[in-house]
Amino acid sequence: MKLRLLNTANSSPSHRVRIALALKGLDYEYVAVDLRKQAHKAADYVALNPQGLLPTLEVDGVPLAQTIAIVEWLEETFPNLPLLPSEALARAKVRRVAAMIATDITPLHSMRVSKAILKDLGQTPDVLRAWAQRWMSEGFAAVERVIDPHGAFCFGDEPTMADVFLVPAVHIAKVTGVDITAFPRIAAIDARAAEHRAFVAAHPSRQPDA
Ligand SMILES: N[C@@H](CCC(=O)N[C@@H](CS)C(=O)NCC(=O)O)C(=O)O
């Protein structure tokens with residue numbers, strides 16, 4: 001099976017999929033799409049991903065988009081080294097954290113929303129930064145309360161889909177100036193991930209277009 005990941009180093013959704021691929025030990029072709037050049041809005045990319053959003057994972061030429069769907073597909077197709085627990089309630093708890101991040105935190109400070117705040121609403125970069133920090137901090141405060149209080153990762157000592165989504169969100173939060181030490185469990189998980197082979201390989205700074 002041939003996997004091609006159309007993505008960019010610093011995008012947190014792209015970062016999620018790189019972590020999942022690395023945790024599964026899967027090889028893939030890295031295709032950089034330059035957001036600064038609006039390459040995600042070019043006709044050839046939009047033909048693959050009509051939303052014009054990154055990432056897209058091409059599977060034998062078939063484009064998959066939306067990181068929750070991509071990670072779930074990876075999990076179903078490559079069940080070894082699982083990212084979801086075997087018990088249904090435990091799986092729901094992991095998916096809950098992934099959804100909190102993917103649907104309730106990240107979209108509020110996405111590139112398109114940020115551009116609209118600056119250009120359409122005429123706000124300043126300082127207002128934008130405070131806006132992003134607010135939703136990340138509120139979101140992390142809730143995540144901190146629903147992940148397990150102990151263990152190397154969100155749910156136990158092995159990474160799950162929750163960590164696949166959390167660690168990229170923490171990376172962006174740190175870049176945006178959120179004080180992660182206010183969330184001790186999340187900070188500890190992030191520190192553990194920084195020593196984990198798959199998370200290191202997927203880190204934005206290690207990518208060809210970094
Ligand atoms: N819900 C989507 C979000 C994708 C997304 O927002 N990707 C960002 C990565 S930076 C993007 O392409 N932004 C471009 C834009 O907002 O114009 C997913 O999980 O895949």
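**View 1. Lining of the largest pocket by residue class and by helix.** In this predicted model, the lining of the largest pocket is made up of 20 nonpolar, 16 polar and eight charged residues. The helices α1, α3 (67-77), α5, α6 (125-146) and α7 (161-175) each contribute at least two residues to this lining, and α6 provides the largest share, with five residues.

**View 2. Space and centre of the largest pocket.** The largest pocket holds about 1,300 Å³ of space. It is lined by 44 residues, of which S11, L35, H109, S110 and M111 are the closest to the centre of the pocket.

**View 3. The ligand and the shell around it.** The largest pocket is where the ligand sits, and α1 (12-23) and α5 (111-120) are the elements that give two or more residues to the shell around the ligand. The residues that surround the ligand are S11, P13, R16, L35, H40, L53, L54, Q66, T67, M111 and R112, and by class this shell comprises five nonpolar, four polar and two charged residues.

View 4. A polar atom in the side chain of R16 lies 3.4 Å from an oxygen atom of the ligand, while an N or O atom in the side chain of R112 is 2.9 Å from an oxygen atom of the ligand. For Q66, a polar side-chain atom lies 2.8 Å from a nitrogen atom of the ligand. On its own the ligand has 510 Å² of accessible area, and the protein covers 88% of this area.

Terms used
Residues numbered from 1 in each chain as written. Predicted model: local features only at pLDDT ≥ 70, side-chain atom pairs only at ≥ 80, totals over all residues. Heavy atoms only, no water. Near = heavy atom within 4 Å. Polar contact = N/O pair within 3.5 Å; in protein donor to acceptor, adjacent residues only side chain to side chain. Areas by Shrake-Rupley, 256 points an atom, 1.4 Å probe, with all protein chains shown as cover. 1 Å grid on protein atoms, 1.4 Å probe; cavity = no way out; pocket = protein on both sides within 12 Å on 5 of 7 lines; lining within 4 Å. Sits in = over half its atoms within 2 Å of the grid points. Helix = DSSP H or I, 4+ residues; strand = E, 2+ residues; numbered from the N terminus. Nonpolar A, V, L, I, M, F, W, Y, C, P; charged D, E, K, R; others polar. Points joined across faces, edges and corners; volume = space filled by probe spheres on them.
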